[in-house]
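Here is a protein chain to get to know.

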Amino acid sequence: RVTEASLKLTGLLALPAGIGLAVLSYPIVNVLYPGSHTEGPALLTFLGVASFFVCLTLITNAVLQAYGYERFPVYTLSIGGIIKIVVTWILVSNPDIAVRGAAIGTLSCYVVISIINIILIYLKLPEKPSLIRLMIKPVLATLVMGVSAYLLYNFLQRLLSGVGMDPEGRGVMLLAMAASIIASVVIYLVMIIVLRAITKEDLAMIPKGNKIAKLLRLK
């Protein structure tokens, strides 16, 4: 039960964070780091997606260690590290990919570690967590949130540019981005409640989870 709740909470928190970074990578980079390299948004897109797998790696490592398989994470991290070096070495040397190869190497590293860890969990744990059942609702809620954030940002940017403001101006991007983030958070919360993606028992695993459950009126 603890394992499933941990995996579900990881999905519910890490998926929207990672996809949000990826979808809004262009305004995030240009608002926070004006005048930075043009490859910045592309790098953040890859690393945004990678952040979910980093979180999944951490929680699956913890699950394996809790069940007494503390050596497995060492092996999987070593495999992931080798893959990162190889992928980065090959891709960065390609002038058409260049620095993006480093971000792709990071993403490849943690995707592989996560997959191996999940396979080991299914092979070694006495009670197998249903990963598809745990993740399908967070994935659906995140997809709706991600599409909403992308569409809303582009709509607001066009709307503000229509009243004479520079669509590539830092102020316009900041306003459109902030409004998109706030709206996306609300949409995501509504989705996880409508889909019943989280329960009161799940939130009881985290600090002040019972208060959050009451606020969301979860049963």
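Q: Which pattern does the chain follow, read along the sequence?
A: The pattern is α-α-α-α-α-α-α-α-α in this predicted model. There are nine helices and zero strands.

Q: What does the C-alpha trace span along its principal axes, and what share of the residues counts as buried?
A: The trace spans about 65 × 50 × 25 Å. Of the 219 residues, 40% count as buried.

Q: Why is the contact of Arg133 and Glu4 called a salt bridge?
A: The label needs a side-chain nitrogen of Lys or Arg within 4 Å of a carboxyl oxygen of Asp or Glu. For Arg133 and Glu4 the N to O distance is 3.0 Å. That is within 4 Å, so the pair is a salt bridge.

Q: What does the pair of Arg133 and Glu4 tie together?
A: Arg133 lies in helix 6, and Glu4 lies in helix 1, residues 2–23. The pair therefore ties together parts that are 129 residues apart in sequence.

Q: What makes Glu39 and Arg100 a salt bridge?
A: Their side chains meet at 2.5 Å, N to O. The cut-off is 4 Å, so the contact qualifies. A search of the whole structure finds two salt bridges.

Q: Where do Glu39 and Arg100 lie?
A: Glu39 is in the loop between helix 2 (25–32) and helix 3 (40–66). Arg100 is in helix 5, residues 100–124. The pair thus ties together parts that are 61 residues apart in sequence. Arg100 has a relative accessible area of 34%, so it is partly exposed.

Q: How many aromatic pairs does the structure hold?
A: It holds three.

Q: Why is the pair of Phe52 and Phe53 called edge-to-face?
A: Rings pair if their centres lie within 6.5 Å, and planes over 60 degrees apart count as edge-to-face. Phe52 and Phe53 are 5.1 Å apart, centre to centre, with 70° between the planes. Phe52 is at 11% relative accessibility, under the 20% limit, so Phe52 counts as buried.

Q: Why is the pair of Tyr69 and Phe72 called stacked?
A: Stacked means planes under 30 degrees apart. Here the angle is 5°, and the centres are 5.4 Å apart. The pair is therefore stacked. Tyr69 is at 27% relative accessibility, so it counts as partly exposed.

Q: Which residues do ring pairs link into a cluster?
A: Tyr69, Phe72 and Tyr75.

Q: Why is Lys208 called exposed?
A: Its relative accessible area is 64%. Exposed means over 50%, so Lys208 is exposed.

Q: What makes the phi of Ala98 worth a look?
A: Most residues other than glycine have a negative phi. Ala98 is not a glycine, yet its phi is positive, about 50°. Ala98 lies in the loop between helix 4 (72–92) and helix 5. At 29% relative accessibility, Ala98 counts as partly exposed.

Q: What is the phi of Arg196, and where is this residue?
A: Arg196 has a positive phi of about 55°, although it is not a glycine. Arg196 is in the loop between helix 7 (170–194) and helix 8. Its relative accessible area is 68%, over 50%, so Arg196 is exposed.

Key: Residues are numbered from 1 along each chain as its sequence is written. This is a predicted model: local features need pLDDT of at least 70, side-chain atom pairs count only at pLDDT 80 or more; totals for chains, interfaces and linings use all residues. Side-chain values use heavy atoms; hydrogens and water are left out. Buried means under 20% relative accessible area, exposed over 50%, partly exposed in between (1.4 Å probe, protein chains only). Rings of Phe, Tyr and Trp (its six-membered ring) pair if their centres lie within 6.5 Å; planes under 30 degrees apart count as stacked, over 60 as edge-to-face and the rest as tilted. Helices (H or I, at least four residues) and strands (E, at least two) are DSSP runs, numbered from the N terminus.
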